Amino acid sequence: MNMMTMKWLSRSFVAAAAALLIMGGTAHAQAGAAPDAPVVIAQAAPDAAPAPAAEPAPAAAAAAPAAAAPAPPKIDSGDTAWMITSSALVLMMTIPGLALFYGGMVRKKNVLATLAQSFGATCIITVLWMIIGYSLAFTTNPDAGTNAFIGSVNYLLLGPMGLNTTSGLAPTIPESVYMFFQMTFAIITPALIAGALADRMKFSAFMWFMSLWLLFVYCPIAHWVWGGGWLGQLGALDYAGGTVVHLNAGTAGLVTCLVLGKRVGYGHENMAPHNLALSVIGASLLWVGWFGFNAGSAVTANVNAGMAAAATQIATAAASLSWMFSEWLVAKKPSVLGMISGAVAGLVAITPASGFVNPTGALIIGISAGIVCYLASVHMKKIFGYDDALDAWGVHGIGGSLGAMMTGAFASNAINSTSKGWLIDGNAHQMVIQFYDVAGVFVYCAIGTYIILKVIDMMVGLRVKRDVEIEGLDINLHGETVHA
């Protein structure tokens with residue numbers, strides 16, 4: 001990266017840090033002003049509050065023992081079965097779904113290296129999540145002020161987790177299942193960043209990046225929104241990861257591609273996908289797996305899971321069509337790459353809204369995502385000239401932020417009792433909260449990602465040598481090639 005770009009990034013990050021401090025202070029002040037406000041943790045959102053029990057007759061009350069505390073929820077076999085299934089579906093989104101989706105879109109000389117990134121990320125993140133990641137993201141820090149930003153280290157190596165323990169965020173399933181479910185989210189989020197850095201990053205640097213980014217970026221942000229942190233206290237609505245997963249990964253992808261610089265030959269050589277059939281299979285696996293992602297985020301087999309599944313299907317199909325028709329109008333042909341990219345854009349945009357919106361809201365979000373992400377991935381990238389190889393920013397960053405804002409607009413209290421949106425329920429302030437969510441995640445992720453990349457660059461270097469990049473990463477980094 002040239003010096004002008006470095007100076008621009010540095011100044012931008014300083015300004016962004018100042019903005020984050022202002023927003024964080026505002027959010028903390030609002031949370032302190034209303035301590036009794038409900039904490040919205042979307043992944044455990046109930047569909048409705050239980051009806052109060054009728055008062056007993058005086059005689060019955062006299063005969064009954066002194067008011068007994070309600071029995072704690074018991075582990076439910078149906079919920080447990082659904083959440084194990086959802087966890088497997090989300091894991092399938094990374095391996096083989098994302099691996100094939102990205103692997104088919106790179107050039108043949110780099111397909112194994114791209115597959116290895118998804119597989120390697122799955123392995124290293126699994127281990128780190130078990131050691132400390134889950135504890136940082138989903139346990140309560142004993143210091144209330146610190147808990148607004150990060151959890152505790154009490155679950156180091158999952159020590160307190162027993163066979164029958166449960167989490168307060170998912171009281172009807174074993175905590176081991178909840179930990180596993182959240183592990184699959186932690187796996188796919190950093191892995192998505194690989195779409196922006198394809199064809200040019202060292203595998204050693206990539207593995208370091210996955211590790212540090214998980215612990216210092218993903219875990220804090222997951223805690224902010226879902227683990228009882230400041231954005232959750234503020235009332236941000238993110239059902240399954242519009243900001244925690246997609247805006248987070250997309251922002252990191254944008255910063256990474258700017259720091260790495262363009263691929264050798266970018267804009268001059270043919271860098272068309274080597275095998276779109278693999279990408280179609282990968283996108284299809286992502287689509288199917290996403291029902292575990294969104295419907296599983298109800299953390300129970302209830303009506304919210306059903307509506308989230310329906311909203312996911314509707315938005316995905318609508319986004320694929322709107323991307324396809326947009327491309328058809330502009331480029332005169334509906335490409336297969338455009339159809340599958342549109343589907344992924346719809347999946348991304350409906351993720352934060354899936355458990356909060358009705359089918360009409362899902363349709364509007366899907367149509368909007370297809371059009372906006374098409375313009376961002378195809379045309380905005382050309383205008384600004386950055387090399388986001390597989391459109392991690394254009395699809396996940398733009399789609400995640402769009403979905404987060406539209407969640408605030410279309411959330412319906414009739415669909416989920418924990419949400420009140422602008423257009424249906426008249427709660428315009430939710431749009432302000434959603435903006436804080438988007439801005440806070442973007443700023444923190446951008447700064448954190450930049451620092452991590454510069455540290456890794458000093459340690460092992462980020463980018464492969466020019467001759468390695470030209471010959472291909474498969475043979476040079478892994479000693480293997482695809483012959484078929």
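Student: What conventions apply to the model?

Tutor: Residues are numbered from 1 along each chain as its sequence is written, and side-chain values use heavy atoms, with hydrogens and water left out. Because the model is predicted, local features need pLDDT of at least 70 and side-chain atom pairs count only at pLDDT 80 or more, while totals for chains, interfaces and linings use all residues.

Student: What is the volume of the largest pocket, and which residues are closest to its centre?

Tutor: Rolling a probe the size of a water molecule over the atoms shows where empty space is left. On a 1 Å grid over the protein atoms alone, a cavity is a set of points where a 1.4 Å probe fits but cannot get out; a pocket is an open set with protein on both sides within 12 Å along at least five of seven lines; lining residues have an atom within 4 Å of a point. Here the largest pocket has a volume of about 740 Å³. Its lining has 29 residues, and Leu337, Ser377, Lys381, Ala389 and Asp391 are the closest to its centre.

Student: How many cavities of 30 Å³ or more are there, and which residues line the largest cavity?

Tutor: The count is one cavity of 30 Å³ or more. The largest cavity has a volume of about 40 Å³, and its lining consists of Leu98, Phe101, Ile188, Leu192, Leu286, Trp290, Val344 and His396. Volumes here are the space filled by probe spheres set on the points, with grid points joined across faces, edges and corners.

Student: How do α15 and α16 cross?

Tutor: Two packed helices are described by the angle between their axes and the distance between the axes. Helices are DSSP runs (H or I, at least four residues), numbered from the N terminus. Axes are lines fitted to C-alpha atoms, for helices over the stretch in contact (heavy atoms within 4.5 Å), and angles run from 0 to 180 degrees between N-to-C directions. The axes of α15 and α16 (residues 429-459) come within 7 Å and cross at roughly 155 degrees. Therefore α15 is roughly antiparallel to α16. Angles under 35 degrees count as roughly parallel, over 145 as roughly antiparallel, 65 to 115 as roughly perpendicular and the rest as oblique.

Student: At what angle do α12 and α14 pack?

Tutor: Their angle is about 40 degrees, with the axes of α12 and α14 7 Å apart. That makes α12 oblique to α14.

Notes:
Helices (H or I, at least four residues) and strands (E, at least two) are DSSP runs, numbered from the N terminus.
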